[in-house]
Amino acid sequence: MYQSEILTNLGIRLFNSHESIRVCDDKGSTYIALTKGGINTPKTIFAPLCYNKDMPIKKEWAQQIGQQLGFPLIVKQSFGSMGKGVYKADNLTELLNLMQQLKLTPHLYQQYLDAVKGVDIRVIVIGGKAVCAMERRNVNDFRSNIAQGGSGYKIQLQKEFAQVAQECAKILGLDYCGVDLLYDKDNKPCVCEVNSNAFFDGIESTTGFNVAKCYAQHIIKTIY
């Protein structure tokens, strides 16, 4: 991260920019930027910062979070990828345990969207255009990530989902990204996460689309 800032200060054009990477690396910052831009996202509560490992977690905090978001709910570390650091709390006891476990780690709590369980849509956006997409499914885990055992399936991307993914890239100033979309209760797109460094081997093998070539062409076109 520091290298990208140094290069930016030297006037070097990066793909993606330092600021875009910084915002996307922090799920809390991503959420703030997207909601400010009017993007539909799961209802979210930020965890209070804690600096004392001996500080007890108050049951009242967990109860208030549960009342606001309902159970089950999602607990996410603010920094992480490939589904790591993402947990599901099915009840108050599990939430309290996770709050205790993560109290020294920046994290947040989100509403669990169960309209379609274990399923999301990964959209690759390059140069402001949604170029390919796949549906990811995991029958054994609430996380659909391929790294967590999910499988990818080629789909015909709905126009509304493509538009939302493209708007996310625009808001965050991203040349390249992977946008993960969930289905809300009305089967409308709801943005789960935006990844500025999304891996593309899985989606290339699923869709047959050459992501690397498309990204390289965008870089060359932008520079020259």
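**Exercise on a hairpin**

Find out how many bridges join strand 8 to strand 9, and in which sense the two strands run.

Solution. Strand 8 and strand 9 are linked by six bridges and run antiparallel, where two strands pair if DSSP finds at least two bridges between them. Strands here are DSSP runs of E with at least two residues, while helices are runs of H or I with at least four residues, and both are numbered from the N terminus. The model is predicted, so local features need pLDDT of at least 70 and side-chain atom pairs count only at pLDDT 80 or more, whereas totals for chains, interfaces and linings use all residues. Residues are numbered from 1 along each chain as its sequence is written, and side-chain values use heavy atoms, with hydrogens and water left out.

Finally, look at the connection, where strand 8 and strand 9 form a hairpin with five residues between them, and where N187 in the turn has a positive phi of about 60 degrees.

Determine the order of the strands in the open sheet of five strands, and say which strands stand at its edges.

Solution. The order is 7-6-5-8-9, and the pairing is antiparallel. Strand 7 and strand 9 (189-195) each have a single partner strand, so one side of each is left without a neighbour in the sheet. From one strand to the next the twist averages 30 degrees, with axes taken as lines fitted to C-alpha atoms (for helices over the stretch in contact) and angles running from 0 to 180 degrees between N-to-C directions.

Now walk through the sheet from strand 7 (residues 151-154), which pairs with strand 6 in the antiparallel sense over four bridges. In strand 7, Y153 is the bridge partner of E135, and G152 is the bridge partner of R136. Strand 5 (residues 119-126) and strand 6 are joined by eight bridges and run antiparallel; here R136 of strand 6 is the bridge partner of D120. These two strands also form a hairpin, with two residues between them, and G127 in its turn has a positive phi of about 60 degrees. The walk goes on to strand 8, which six bridges join to strand 5, again running antiparallel, and I126 has Y176 as its bridge partner in strand 8.

**Exercise on burial**

Decide how many residues of strand 8 are buried, and how many of strand 6.

Solution. A residue is buried under 20% relative accessible area, exposed over 50% and partly exposed in between (1.4 Å probe, protein chains only). Eight of the eight residues of strand 8 are buried, so this strand is largely enclosed by the rest of the structure. In a regular strand the side chains alternate between the two faces of the sheet. In strand 8, Y176, G178, D180 and L182 point one way, while C177, V179, L181 and Y183 point the other way. Strand 6 (residues 129-137) is mostly covered, with seven of its nine residues buried.

**Exercise on an aromatic pair**

Work out why the pair of Y176 and Y215 is called stacked.

Solution. A search of the whole structure finds three aromatic pairs, meaning rings of Phe, Tyr and Trp (its six-membered ring) with centres within 6.5 Å, whose planes count as stacked under 30 degrees apart, as edge-to-face over 60 and otherwise as tilted. The ring centres of Y176 and Y215 are 4.7 Å apart and the planes lie at 20 degrees, so the pair is stacked. Y176 belongs to strand 8 and Y215 to helix 8 (residues 211-223), so the pair ties together parts that are 39 residues apart in sequence. Both Y176 and Y215 are buried.

**Exercise on a loop residue**

Solution. L174 is found in the loop between helix 6 (159-172) and strand 8 (176-183). V194 is 20 residues apart from L174 along the chain, and the C-alpha atoms of the two are separated by 9.8 Å.
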